[in-house]
Amino acid sequence: MRKNVFRFLSALRLTLGVLALLALTATFLDFTGTVAGWFPWLRGVQFMPAVLAGSALALAVLLVVTLLFGRVYCSVLCPLGVLQDLVRLVTFGRWRDRKFKAKPGGPLRSAIQGWTRLGFLFAFAGGGFLGLHFAWLDPYAIYGRFVSFCLAPLVKASRHADSLAAWADGAEGSFTRVVEVVVPASGFILVAAGVVAFIAAFAAWRGRSWCNTVCPVGTILGALAKFAWFRPNIVADSCVSCRACERICRAHCIHIDAKAIDHTKCVSCFDCSAVCPKGAIKWKR
Ligand code: SF4
Ligand code: SF4
Ligand code: SF4
């Protein structure tokens with residue numbers, strides 16, 4: 001495929017991701033239940049809620065999509081993933097990776113990262129099994145708590161909750177209804193904001209490193225994405241080792257010296273193909 005096609009796919013992926021992020025945020029801020037009714041499927045396909053609800057259909061969809069196209073969930077549907085991309089876009093992260101050589105890391109770093117991912121996955125699964133509170137590792141819960149604990153009270157304070165409710169009810173006038181918003185204890189607000197601030201700082205510093213070091217959902221999807229039917233591969237004969245792809249990769253999963261891509265970390269964003277001057281990245285099995 002031509003570079004322009006990949007540029008389009010890259011922009012489309014980000015656009016869809018931002019729309020999904022906005023829609024999910026709106027459902028968390030929806031004090032009337034109206035918006036949630038517009039996108040019922042968007043919450044339904046979130047990985048951990050689907051697991052907890054035992055939704056075989058949603059899990060089957062995620063499984064098939066990942067086996068076909070890689071970690072599309074991470075590039076479009078996960079609010080925390082898209083949030084990290086936006087942070088990287090508006091902070092120094094992308095500039096830094098372009099200016100300096102992004103370091104995908106050698107075998108030792110990859111091994112440490114791999115064991116760390118597995119450790120968090122087992123802590124998450126084991127903790128859940130034992131009833132311990134490891135939900136702070138679930139990306140949907142992290143984002144949901146951030147919006148509900150930190151943003152919802154702000155929206156309420158600005159009185160938009162009342163006007164939204166009035167609008168949803170079809171009421172005349174803006175501030176005819178008073179909506180109750182439960183403000184959590186300050187400790188919860190601080191933790192929710194702190195976790196997201198930490199992940200955002202991590203994203204500015206090293207792109208999707210949270211996704212590929214900590215997130216248990218990413219570890220599970222990465223294990224499936226390794227066998228994806230449509231995934232990027234470097235054609236060694238066409239590659240001129242300019243390293244443009246290595247620098248732009250948000251997942252730091254391209255190893256140009258080895259002409260290899262770690263598909264467990266790739267989040268199918270198309271950025272590498274969009275910058276490759278030689279069309280040396282082919283999407284195939
Ligand atoms: S790895 Fe986790 S936090 Fe990152 S995009 Fe995927 S599900 Fe979301
Ligand atoms: S290798 Fe990196 S830049 Fe290319 S699609 Fe995967 S995550 Fe994106
Ligand atoms: S951008 Fe293309 S040519 Fe340059 S290093 Fe990457 S694969 Fe090779």
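**Structural briefing**

Residues 24 or more positions apart account for 72% of the contacts with a separation of 6 or more in the protein chain, a contact being two residues whose C-beta atoms, placed from the backbone, lie within 7 Å. The model is predicted: local features need pLDDT of at least 70 and side-chain atom pairs pLDDT 80 or more, while totals for chains, interfaces and linings use all residues. Residues are numbered from 1 along each chain as its sequence is written, with chains lettered from A and ligands numbered from 1 in the order in which they are written.

**Overall fold**
- The protein chain holds 16 helices and 4 strands (DSSP runs numbered from the N terminus: H or I of at least four residues, and E of at least two).
- Of its 285 residues, 35% are buried (20 or more other C-beta atoms within 10 Å of the residue's own, placed from the backbone).

**Ligand surroundings**
- Around ligand 2 there are 15 residues, of which C249, A251, C266, C269 and C272 come nearest (C-beta atom, placed from the backbone, within 6 Å).
- This shell has 12 nonpolar, 1 polar and 2 charged residues (Ala, Val, Leu, Ile, Met, Phe, Trp, Tyr, Cys and Pro are nonpolar; Asp, Glu, Lys and Arg charged; the others, Gly among them, polar).
- Ligand 3 is surrounded by 14 residues, with C239, C242, C245, C276 and A280 the closest.
- The shell of ligand 3 comprises 11 nonpolar, 1 polar and 2 charged residues.

**Helix α7**
- Helix α7 is largely enclosed by the rest of the structure, because 9 of its 12 residues are buried.
- Its buried residues include P79, L83 and R88.
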